[in-house]
Amino acid sequence: MPSLCLDPPAPSRLDRLDQRWRPGLEELLAAGMAAGADLVEIFVERNDQLSVLAEQERITSVSPVMGCGAGIRVFKGNCDGFAATNDLSGPALMTALEQALGMLGLCRNTSASGWQGLAALRDYGSGKEQWLKVCPTVPDSAERLREATAALERHGRHLQARQASYARDWQEVLVAASDGTFARDLRLHQTTGLTLLAADGDHRATISRRDGRADDPHFLAGWPVEDVAVSACRSAGTMLYADVVKAGDYPVVLANRFGGVIFHEACGHLLETTQVERGSTPFADNIGQTIAHPAVTAIDEGLSSNSFGSMAMDDEGMAPQRTVLIQDGVLQRFLSDRAGEMRTGHPRTGSGRRQNHGFPAASRMRNTFIAPGPHKPEELVGSIDHGLYCKQMGGGSVGPTGQFNFAVEEAYWIENGCLREDKPVKGATLIGDAVTVLPRISMCADDNALAAGFCGSVSGSVYVTVGQPHIKVDRITVGGR
Amino acid sequence: MTEDASRMGIATWDLGITCGNDTSVQVDRGEPKQRKARQSTAAMVRVWNGEGLVGITSTNDLSSPGLTSALAGAQQASAFGDAQSPPRLSPQARDPLTPLHQPRRPTLPMQTLLERLLDAERQVLNSHPAISTVPYNGLAQARRERLYINSAGALRRQSTTSATLWLYPRAEEAGRKPRSAGAVRLATGVDALDLEGCIAEATERTISHLDYAPIDTGVYTVCFSPEAFLDLLWAFGSMVNAQAVLDGVSLSQRSSLGTQVASPLLTVADDARHPGHVAAPEFDGEGTPTRRLPLIEGGRLRHFLHSEGTARAFADGSVATGHANLGAKVTLSPQWLDVEGQRGDSSLSCESGSGVVLIDSLSALHAGVKASQGSFSLPFDGWLLSGGERRSIEAATVAGDIRSTLQHIVACEGNPQCTPSGRSPHVWVEGLTITGEA
């Protein structure tokens, strides 16, 4: 048995992930290839997270989390084996490799693999080394959160509970694969949130606002606390006494920013090769065919500066791309990762993503949005006699048959082409399926805007952006009472 | 740990550790697809400083330097602890513990898992010509070790094993929409899993949705399956959560104890130690022993879930109930809900109902439930009953208010059935709005 170069000294959680890992990783990769693997990939990470919560005037939670680990994936034919460990010592990594090999019936042996070794390190992390140090301290973030809950108190009425939160996720990753891939990156994601509960007798309204940004250590300092608090309190004041929406089928206008969750849930997931592999997307054989209204052009990309779903490289070491999914209603591409390319033939798009080392990467969305159209938002509203304006969206999901749903947090009736801000409604859930709804997105406005979010799927929870201009859906089922 | 704490001048601390070894397999139309193994560790350290304020740090590095680093981090974080309601060590963390004596099953080779899952998939695929794939499937097994220790001498340790099988077939007939349903089984080990039951249930459920029709929007009497009713109760768990009461985000208040919050037909307990609870915890995150706790009896609210801190804050004789999760702010959650209902209106029956809706499973609870408001609007899979005959509903949502829903329970049918999240009979509720997709 060849001995591992990693030991001694064993790397610790505090060690930087860089060139020093090359010999050890090459040894692991060579061992995997010698055992008969088609491809071996190693993902190493360490992270440093912090979350702070303010409730009313108090800081009630300060929660630092430190972690490290590695995931080793072995491909053979159309199958893969994946083993993950928290232990970054040489022996532990070799054990994980052997475990992954064993899953495919492969054994480590002493024969030479003839493998050529890793390419030069592509270091996307250079220039980012100071990010963690200049991120807000606990006292800084605590102060900011207290400002936020105080702003809620100033601007709100009938407030029963006020919360403000801040979370920081710093991650260093190193990806090495037997195709020569050797890449490192540093990532920083920060989020802020405001939540309030207004109550007056039997009337209750919960309003939340969330924002997030990637790779910007000064994000919290630039958080427009006052504006966000005013917006949340205004919504609470409106929704506190809102009627529950009457169920039915309506034309709807979905606001920009987080309205994009409809495309994310209704269509985006169905354009990931994980769904093609499963046979659970209706669009598997529709490349080049019209699947949406000609007004719809949809894009997924990982390039926009500081967007929540952006990244210098994906979790398989590939630089991200701008991927046009739908052009004028015609399906162009699927989002693909390494396994997706191997199993479906769709070329990789830099979309291989995972929550952490405990998950193998899968094809996932990044910043996904519908492109702006020629209309003004007022034209969309003006085209509807009786319908619904969905101003703030909640979360949603899509099932294995493409049936999607998402919650509407704040909505207003549209009557005779006019937005009735004096007629707010709550409790709406929009349901449908992509095949039916995509052709009904008939108008897109010119005010595209993005919003940060989280997406949970096969490879865990990842940071994403959803977005769109105001759009009109000619008819959709609105669940209510 | 003790030496490090002493050296750093830390007199009071506690530590929770979880270690896991998980393996799982997934198959795709007769071929192995993915095999996964994961070794994981997680530790959370709490430290009380000289002013009694608490700081925490979490780490997955269980080496001596890793834990020392976490201890130091927690000590630093304690400077920002909440002065108004700092937690304390649970006085029950050293109480005698009644072991659950759950069997610990051996970990089976991955090849065995694959063979069993391939066989299960084959049986499902062969069950009906419309079923061509089982897109969501898996067979997983896990070993867990939990440890809780504190500076007052508490030492809790528990080992469990568990296994899970899930099968979600997709069926499609020409000119019709694809349909899917599924089944899950949980047991202490792969050999103890009810594979045949899972296969049969996944198959029958999926086939039962092939013949579907839209439903008219309207107000219906609804029968929740045990899984669906338990999902709803879990989603509104803040109603019985003392921390949520203190935070002002619960639908309940301290004065709600003893009041009629549901139909007299409904009785709910939380019972972490129920024999049907696979891998049940013997103690919670604070080291407090778990126990059976009556929550609602005959429709009246009897108890809240309590941590050490909430019990002290209530100052009404409450004690920690074994539902706490360790954290900078201790949170509470149910362990395993046990619903026992009285029969009520005996004319209501899944076998003979007409014009009523049977909800098999609810979706999107994370988005469609407003726990602090009490409202829900949720997509579901289910059937419209006509003379006892079931016809699948094409697509629909059910909406209501949980307080009204609980008050309008009109019958509980059948013996309680065990599910991964608890035990419940079928529960009938009148006056819920169903929206059908046109």
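I looked up R475(A) first: at 34% relative accessibility, R475(A) counts as partly exposed. (Buried is under 20% relative accessible area, exposed over 50%, partly exposed in between, with a 1.4 Å probe and protein chains only.) The model is predicted; local features need pLDDT of at least 70, side-chain atom pairs count only at pLDDT 80 or more, and totals for chains, interfaces and linings use all residues. Residues are numbered from 1 along each chain as its sequence is written, chains are lettered from A and ligands numbered from 1 in the order written, and side-chain values use heavy atoms, leaving out hydrogens and water.

Next, the partner. R475(A) and D249(A) meet through their side chains in a salt bridge, 3.0 Å from N to O (a side-chain nitrogen of Lys or Arg within 4 Å of a carboxyl oxygen of Asp or Glu). R475(A) sits in strand β23 and D249(A) in strand β9, so the pair ties together parts 226 residues apart in sequence. (Helices are DSSP runs of H or I, at least four residues; strands are runs of E, at least two; both are numbered from the N terminus.) D249(A) is partly exposed, at 25%.

I then checked D185(A). It forms a salt bridge with K128(A), closest N and O atoms 2.7 Å apart. D185(A) is in strand β6, K128(A) in the loop between β4 and α3, 57 residues apart. Both are buried.

E147(A) is partly exposed at 33%; R144(A) is buried at 15%.

Last, the whole structure: I noted 64 salt bridges over all chains. One network of salt bridges links R16(A), D18(A), R20(A), R46(A), D123(A), E129(A), E172(A) and R184(A).
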